[in-house]
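Biologist: Thanks for sitting down with me. Could you walk me through this model, one residue at a time?

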Amino acid sequence: MDVPTWGLVIETTVGMGERKHVEATVVAHVTGSREEALAELERRARSYAPSHPLSPRRSRLLRQGDGFLLVVDGAWQSFVTRFTVAELLVDSAAPAPEPEPEPEPEPVVDTAARDADGVPVRPTWLGRADLP
């Protein structure tokens with residue numbers, strides 16, 4: 001059975017005022033159980049330091065079904081960062097699997113009798129059934 005791979009996704013508010021919008025990034029992959037992926041995601045959520053607001057007044061980390069929600073209140077606006085774990089089904093940029101290594105050929109042990117100069121007394125091709 002294949003072990004699933006989970007994407008750790010962070011969606012965060014960027015920009016200010018009317019230019020404020022959300023951007024999503026897959027920050028890591030975890031191969032294993034969903035619980036292992038959620039544990040890694042929680043570790044990242046707890047240590048995450050958003051770039052906005054510049055002067056945070058209050059920060060709240062909330063658990064939800066597939067992840068966490070970080071709400072940071074600034075002097076003028078609130079900023080939200082969503083941390084989600086999602087199973088990776090397809091990755092168009094995944095590296096190709098490593099090919100199976102070719103087995104090493106067995107070394108040929110030369111047991112032929114040799115004359116004083118090291119030349120085989122009987123040629124190795126003599127008597128081979130696979131030659132015409």
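Modeller: Let's start with T12, which is found in strand β1; strands (E, at least two residues) and helices (H or I, at least four) are DSSP runs, numbered from the N terminus. This is a predicted model, where local features need pLDDT of at least 70, side-chain atom pairs count only at pLDDT 80 or more, and totals for chains, interfaces and linings use all residues. Residues are numbered from 1 along each chain as its sequence is written, and side-chain values use heavy atoms, with hydrogens and water left out.

Biologist: Is T12 buried or exposed?

Modeller: The classes rest on relative accessible area: under 20% is buried, over 50% is exposed and anything in between is partly exposed (1.4 Å probe, protein chains only). T12 has a value of 15%, so T12 is buried.

Biologist: With which side chain does the side chain of T12 make a polar contact?

Modeller: A polar contact is a pair of N or O atoms within 3.5 Å; within protein, one must be able to donate a hydrogen and the other to accept it, and residues adjacent in sequence count only if both atoms are side-chain atoms. Contact in general means heavy atoms within 4.5 Å, and beyond its neighbours within four places in sequence T12 touches residues including H21, Y48 and V80. The polar partner, at 3.1 Å, is the side chain of T81.

Biologist: Which residue forms an aromatic pair with Y48?

Modeller: Rings of Phe, Tyr and Trp (its six-membered ring) pair if their centres lie within 6.5 Å; planes under 30 degrees apart are stacked, over 60 edge-to-face and the rest tilted. By this rule there is 1 aromatic pair. Its rings are 5.4 Å apart centre to centre with 80° between the planes, making the pair edge-to-face, and the partner of Y48 is F83.

Biologist: Where does F83 lie, and how many residues apart are the two?

Modeller: Y48 is in the loop between α1 (34-47) and β3 (58-64), while F83 is in strand β5 (residues 78-87). The pair links distant parts of the chain, and the separation is 35 residues.
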